[in-house]
Amino acid sequence: MEPCILKVALDTPLDSCFDYRWQFADGEACLPQAGQLAIVPFGRREVVGVIVAVAGHSEVPPEKLKDALAVHVQIPPLSRAWLDLCQFAADYYHRPLGEVAVPGLPKNLRTTKTTALDKALKKLHKADPASVPLRAARASKAQTVATVEDAPATSAPNALEGAPAVPLAPPLNPAQEQAVAAIAGAAGFAPFLLFGVTGSGKTEVYLQAAARILARAQPPEPPEIPHAQVLILVPEINLTPQWLANVQARFPHLSIALLHSGLAEGERLAHWLAAHHGRAQIVLGTRLAILASLPHLKMIVVDEEHDPSYKQQEGLRYSARDLAVWRAHQLAIPVVLGSATPSLESWQHVQSGRYQKLELRERAVPDAVLPRVRLIDMERDKPTDGLTSTLVKALKLRLERGEQSLLFLNRRGYAPVISCESCGWVSNCPHCSAFMVLHKLDRRLRCHHCSCEMRIPRHCPTCGNVDVQPLGRGTQRVEEGLQQMFPTARILRIDADSTRLKGSAQAAFGAVHQGEVDILVGTQMVAKGHDFQNLTLVGVLNPDTALFSQDYRAAERLFAQLMQVAGRAGRQAQKAAGSPSEVWIQTRYPQHPLYGALMAHDYERFALGQLEERGQAALPPFIYQALLRAEARELPMALEFLHASSQILEHQAITIHDPIPMAMTRVANVERGQLLIESGSRPALQAFLNAWLPLLREIKPRVKWSLEVDPVDI
DNA sequence: AGCACGCCGACT
DNA sequence: GTCGGCGTGCTC
């Protein structure tokens, strides 16, 4: 047979596909197909790419064409729908297709060696359909991540025989039932915003809707593989063990695949293959799972849809939530975005009728009430060691009652900066426009933005004075102060520093659940997901900085964070105590409307106010943005490039702002600037970017640059 | 992005 | 005399 041409997408910043000849071996009749993976020579390397098309001829001069080395025929091709998803993301975020399609594949699929793949496939195919898959047998060990052996599981026969898919379902309240019915009854594309506070039973709605959709999708004459999959996205890896336990308990007969960056490569491959082969009915993962191959996808859940973690912040800067909605639209299936504090984007979509709101007004747990949120005016009640007397009193009361408390402070380390009292020296990082943070336990100063570390100076480096003092407080210092104040209390700190070791976060949360901790001090890590049954006090130490931030999204994030941390207060404990749990917020601005809305547990009031402000100021979600970033050794060079960029193309219906230094100008000796581009019309913005970016590449800038569509940190 | 080639400075 | 700095150029 005549050789054919493979058009292959490769993981390279070059904005095109690459053509290769495919030579047929003697007697070989099978044509390679789009969606298959090919091993090809590329420069002096051999790399794996995705075949996006098979053609008869190529525009590339024949002498430049090379032969493709191999095609992965062991695994089914990636679907047209998956390729289209990647193409959409590539177009929307203005990156080459290969940079979207390839890095999402497990590493073991991207190497030229196929030993790991062959091994994983053998395991997948020999898995006995009647064997007990990962979840049921492992439910008791749910705190551990599934192993390779567990992953490529098959469905148990009872699922195929039409047994009820909801073995342990608790009864739903009417609002939940209505939500489940709406989701499961949706025909075609149906975006839902599931709006309900912590404890209102959102998880139950996801799971029962999933159960109905999975059960319904079982064909009457069961084939080998069930044709339905549900994707559940959660914001953080930390939350997957808990979710896995929930899902396993509910669906002991279904197989589950996990997809997140914490998996070992072998696990990653096994779970990815289980999803790709349609063996996994439930796929549970973090944002990267939105790019998984899911040939039988029937429903997508995005839990805590407002969470900033859904936005990838390097490489391809995609929003997993937005791609989830696009994917649901493409496949004509329901997508459920759940939150107690929806993103203003999603809330606006509800207002405009694009999303359907499903509201859970009551807490589903019997007798549970919302925690009582109150403010402490720090001007009247001056704090010592960061704690006001009101908060200390509240802590004392919990200790006496044997209840747990949580102090929330979004700042790790001992103190954010040290300073010389006599000359005013402060601990600036030599490489970043940031302070070196005091980490007293390691006796080090550490920059949180580069890898820079140093000893704590005994004397001021400029004037020699010995009075070098920590300014402000982080979690370590709060922990130290508490230990002195309450010497017998069991105090535990949970932050990125205390949980650096693998598994230590789980262990720490376990200790709190086991009642081995009286006072928990933590950063936003403690705000997500975990409900502590015996926790009746939440203290928020220093939230005010976000109120006056340059970043117009700071208030939105703060509100979500405070609602979330308030929701940590136990659901059972308050019943036992006979009074609601308490949330105390230390603030210098007790009159601020954000706190007013928070005390009233009134997200809607808050959102209405924010949307009004955003509308008046012509900010998202009412306008659309893109950000051109540039970095160089010296800021002027970056700004010069940005300025030149802003001049090279005539434009209409677009606003190009002046180039400005980034809020944190220097990181690791690189200085960064940015150029904001806005439009009231998304198509106009995209059209501009499509015309503009090729021109930027043409001018061969001497600086490193990148474009971000729908930026969140401005 | 990799990965080469290439042309100038301080080391055995 | 070589090791190696990172400029610049290419990848079907």
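Arg443 sits in the loop between β17 (437-439) and β18 (444-446). Phi of Arg443 is near 55°, a positive value in a residue other than glycine. For comparison, most residues other than glycine have a negative phi, and most peptide bonds are trans. Arg443 counts as exposed, because its relative accessibility is 64% and the cut-off for exposed is over 50%.

**Confidence**

Chain A has a mean pLDDT of 89, and 91% of its residues reach 70 or more. Over residues 128-166, however, the pLDDT is below 50, although this stretch has 87 contacts in the model beyond near neighbours in sequence. Where pLDDT is low, the predicted coordinates should not be read in detail.

**Backbone features in loops**

His94 is another residue that is not a glycine but has a positive phi, here about 60°. This residue belongs to the loop between α1 and α2 (97-101). With a relative accessibility of 11%, His94 counts as buried, since buried means under 20%. A cis peptide bond, with omega of about 10°, joins Pro620 and Pro621. Pro621 lies in the loop between α18 (603-616) and β25.

| Residue | Phi |
|---|---|
| His94 | about 60° |
| Arg443 | near 55° |
| Lys700 | about 45° |

At the N-terminal end, Ser681 caps the helix, with a side-chain oxygen 3.0 Å from the backbone nitrogen of Ala684. A kink of about 25° occurs at Trp692, shortly before the proline Pro694. Trp692 is also one of the buried residues of α20, which include Leu685, Gln686, Phe688 and Leu689. The elements covering these buried residues include α1 (80-93), β25 (624-632), α19 (635-647) and β28 (670-679). Lys700, with its positive phi, comes just after α20.

Ile714 lies in the segment after β29. It counts as partly exposed, because its relative accessibility is 29%. Ile714 and Tyr552 are 162 residues apart in sequence, yet their C-alpha atoms are 8.3 Å apart in space. Not counting residues up to four places away in sequence, Ile714 touches Asp551, Tyr552, Gln625, Gln674 and Leu676.

**DNA strand B**

Pro13, Arg44 and Arg45 surround DNA strand B.

Key:
Residues numbered from 1 in each chain as written. Chains lettered and ligands numbered in written order. Predicted model: local features only at pLDDT ≥ 70, side-chain atom pairs only at ≥ 80, totals over all residues. Heavy atoms only, no water. pLDDT = per-residue confidence, 0-100. Contact = heavy atoms within 4.5 Å. Near = heavy atom within 4 Å. Bend = angle between axes of the 7 residues up to and from the residue. Helix = DSSP H or I, 4+ residues; strand = E, 2+ residues; numbered from the N terminus. Buried < 20%, exposed > 50% of the residue type's maximum accessible area, 1.4 Å probe, protein only. Polar contact = N/O pair within 3.5 Å; in protein donor to acceptor, adjacent residues only side chain to side chain.
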